[in-house]
Amino acid sequence: MLLSPNAMGRPLRTGLYLTTGIIAAFLLLPVVFIVLLSFGSSQWLVFPPPGWTFKWYDQFFSNPEWMDAALASLKVAVLTTFAAVALGLPTAFALVRGRFPGRELLYGLFTMPMIVPLVIIAVAVYALFLKLGYTGTLFAFVVSHVIVALPFTIISIINSLKLFDQSIEDAAVICGASRLQAIVKVTFPAIRPGMIAGGLFAFLVSWDEVVLSVMMASPDLQTLPVKMWTTLRQDLSPVIAVASTLLIGLSILVMFIASALRRRNETNA
Amino acid sequence: MSAVIKEAAHGKTLVTLRNLNKHYGDFAAVDNISLDIQDGEFLTFLGSSGSGKSTTLSMLAGFETPSSGEILVEGRSLVNVPPHKRDIGMVFQRYSLFPHLSVRDNIAFPLAIRKLGSAEIAKRVDAMLKLVQLETFAHRRPAQLSGGQQQRVAIARALVYEPRILLMDEPLGALDKKLREDLQDELRQLHRRLGITIVYVTHDQEEAMRLSQRIAIFSHGKIVGLGSGYDLYQNPPNAFVASFLGNSNFLRVTASSHGAAAFEGQSLAIRLTSGLAADQDALIMVRPEKALALSTEQATREPLPAGWNEVNAKVGEVLFLGESQTCQVVTAGGTEMTVKALSAAGMPMQPGDTVKVRWVVADACVYTEWAESDLSKAAGAH
C-alpha cells in the first residue's frame, strides 16, 4: 500500500504520529479537564485545582434534584433502548429482505434523522406534543429520543442481517420450522450482537441528548443533560463537572461493552 | 441401457413436475419443464449457472413459487404446501448449519421442532452421528469442524427426520477435489443403503456421472437431455448435449442418399436417420476417443474395414495428458477435429504429418437441427 506507515520515510512517519497525537489530545483534553475539575477543591472551576476533594460528589448524590435528573435520564435511556430495538428489528428485516418499490426511499427516510438538524426535529416534535399536551411526560422524552436513536439501531441491525446467510434460516424452514420459528430460533441468535450493539447505540444517543430534551423538559421531569444546562445558566458549580464525569463514565462503559461484543462476534464468525 | 437404469425405470413415480414455469418479468428462468422422478432414484440436474436447475430445485423445496404448472408427490399437489410442511430434506451449498448450536443440537433440530420425546430424539441423533461417522464431534460447534465434516452434519440433519426426498444444491462445490471425491463415494453408498430419492444439482459433469442414475441436462430453463450418463454421453439427443458433455467433433455434411452424405466433397456413410432428406444439411458428431488417427503407412497396412469412415487430415498439435494423448488435426476443407487415445496405445505422429482419421459409422451421431451456439462449450446459460 502506498500509505503504509512502514513504507513511508522517517520524517513523514514522525509527522503523521505527531498530527495524530495532536488531534487525539484536542479531542480528549476537554474530557480529561472536566474529570479532573470534578475532584478539584476550588468552587470556581480553577485549573490546576488548588487541592483535591470528593465534596462535589457528596453534593451531587445528596441533592434530590440531581438524583431525580440522573434517574430520569436512566429511565428514558433504557426505555428508548428497548423501543428502538423493538421498532428497529422489524424495520431492518423489511429493508433487507423486502422486495417492494420504494425500499431505498424508505431506507433514506428512516436514516434521515441523522442528517436533519436536531433543532428542526426538536421544534417539530415540541409543536406536536404541545398541541397534544404531552410535553414534560416520560412518553414525550422516549418518543423524541427514539426518533433520533432509531437510525443507529436500524443500521446496526441491517449490517448484521446482511452478513447473515439466509440459507441458514431456509435450512431451519426445510427442517420443519415455520418462517417465524426459524427467525426466532435461528436468525435472532445469529444477529444478536447486532441487536445488542443497536440497543447500546440507542442508549448512548438518549443518554447525552440535550436539544430535544430541553424542549420536552418540565420542572417535574428533566434529564441529566437538561439539569446541567439549566444549572450552568445560573452558576458554574463543580457539581456540573461531577454530572459530566458520570455521563462520560457511563458512555465509555457502554462503548466498551459494545466493542467487546463486536470482537466476540468477529471471532465467532 | 445399463442395469441400474432398468431398475429405476421399473420403479414407480414419486414426484411429477408438469409444465412447470418460473418467470421473473419477461425472463423465463424455468421454461415449461415436465419431468417424472422415480421413487428411490438418484437424479441430477446438470447445467451451467443460470440454466434453471437451481430454480427448479427451489420450487421443489418450496422457496420459490411456480408461475404456473404443477408439482405432484404421489399425485398430491405440493404447490400450496409451505416448505416447512413438505417433509423434504435439503442440503445447501454453504452447509447452512446453525452456528449457535452444537453438532448434536443441529441434527436434533428437526426432531425438536416436531416435538418428539427426548429419548426418541437422542436415539435417532445417535444413529445419524454413527451414519456420518461424527460420534466424537457431537459436542463441537460448526465453526470447529472442517468443510467436509460440516457437510456431513448437514446431511445428517437433512436425513434425521426420514424424508422421502433429499434435495442437494451443489453440496460439494465448496470442497477441494480429493475431499469431494471421497464424499461422492460416501453419498453413493448412503443412497444405496437408505434407498431415499435424491435430487442433486451440480454444474460438474464428472460429479453428475459419478453419482447419478439419471441426469437431466438444463439449458435456458429447459431440460434438453434426460437419461443415464452413459446414454447421454454415447448417444446425445441433440448437438447441445453432445457439445456440453465431454468433448466432441462436429462435421458439417450434406445428405446425399439414404445412409450417405457428402463431407468436403467426399462421400461418408452415416447412420440411418429418420427425417433426413436428400440435399439437407446435417451434422455428424464423433467423440474424440471414438476416432482413430493413422499414419499413411499404418493406413496402407490396415485397409479400411467395412462400416468405417475415413477422412484425410493434417496434424496440427499432439498433446500428452498423462493417461491419454490428444491429436488436433485439420481436414483439407478446414474442419478441425480432435482424436484422443490412451497413452499406452501410442500416437507416433508429428505436427505437419498427413493422417487418416477413421471412425465406426455407427458411433457417429447425426443431427438434422441445431443452433450454431449449441456447438460451443458452456452455452447453456442465458
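## Strand pairing in chain B

In which sense do strand β4 and β5 of chain B pair, and over how many bridges? In this predicted model, strand β4 (residues 68–73) of chain B and β5(B) pair in the antiparallel sense over two bridges. Within that pairing, B:L72 stands opposite B:S77 of β5(B).

Both strands belong to an open sheet of four strands in chain B, with the order β2-β1-β4-β5 and antiparallel pairing. The edges are taken by β2 (27–38) and β5 (76–77) of chain B; each has a single partner strand, so one side of each is left without a neighbour in the sheet.

## Chain B as a whole

Chain B contains ten helices and 20 strands. Its C-alpha trace spans about 80 × 45 × 40 Å along the principal axes. Of its 382 residues, 41% count as buried. Among contacts in chain B between residues at least 6 apart in sequence, 66% join residues at least 24 apart.

The chain is divided into domain 1 (3–239) and domain 2 (247–371). The C-alpha centres of domain 1 and domain 2 of chain B lie 40 Å apart. The contact between them involves four residues of domain 1 and six residues of domain 2. On the domain 1 side of this contact there are two nonpolar, two polar and no charged residues.

## Helix α6 of chain B

Helix α6 (residues 177–194) of chain B has 18 residues, which should span 26 Å at 1.5 Å a residue; its end C-alpha atoms are 25 Å apart, which agrees. The buried residues of α6(B) are B:R180, B:L187 and B:H191. Seen down the axis of α6(B), these buried residues fall within an arc of 35°, so they line one face of the helix. An α-helix has 3.6 residues a turn, so residues three or four places apart point the same way.

What do the buried residues of α6(B) pack against? Their partners are β3 (42–46), β8 (197–202) and α7 (205–211) of chain B. On the other side of α6(B), the exposed residues are B:K178, B:D185, B:Q189, B:R192 and B:R193. The helix is followed by B:G195, whose phi is positive, near 65°.

## Helix α5 of chain A

Helix α5 (residues 118–132) of chain A has 15 residues. From its first C-alpha to its last it reaches 21 Å, close to the 21 Å expected at 1.5 Å a residue. The buried residues of α5(A) are A:A122, A:V125 and A:F129. Seen down the axis of α5(A), they fall within an arc of 75°, so they line one face of the helix.

That buried set packs against α6 (138–163) and α9 (211–216) of chain A. On the other side of α5(A), A:V119, A:I120, A:A127 and A:K131 are exposed. After α5(A) comes A:G133, with a positive phi near 75°.

## Contact between chains A and B

The contact takes 19 residues from chain B and 17 residues from chain A. On the side of chain B that touches chain A, β6 (88–91) and α3 (103–113) of chain B each supply at least two residues. The element that gives the most to this side is α3(B), with three residues. By class, the side of chain B that touches chain A has 13 nonpolar, three polar and three charged residues.

One residue of helix α3 of chain B is B:I113. Which residues is B:I113 in contact with, leaving aside its neighbours within four places in sequence? They are A:C175, A:G176, A:A177 and A:Q181. B:I113 counts as partly exposed because it has 19 C-beta neighbours inside 10 Å, and a residue counts as buried at 20 or more.

Notes. Residues are numbered from 1 along each chain as its sequence is written. Chains are lettered from A and ligands numbered from 1 in the order in which they are written. This is a predicted model: local features need pLDDT of at least 70, side-chain atom pairs count only at pLDDT 80 or more; totals for chains, interfaces and linings use all residues. The expected span of a helix is 1.5 Å times one less than its number of residues. A residue is buried if 20 or more other C-beta atoms lie within 10 Å of its own, exposed if 12 or fewer, and partly exposed in between; C-beta atoms are placed from the backbone. The arc is that of the directions from the helix axis to the C-beta atoms. Two residues are in contact if their C-beta atoms, placed from the backbone, lie within 7 Å. Two strands pair if DSSP finds at least two bridges between them. Ala, Val, Leu, Ile, Met, Phe, Trp, Tyr, Cys and Pro count as nonpolar, Asp, Glu, Lys and Arg as charged, and the others, Gly among them, as polar. Domain bounds come from an automatic or database domain assignment.
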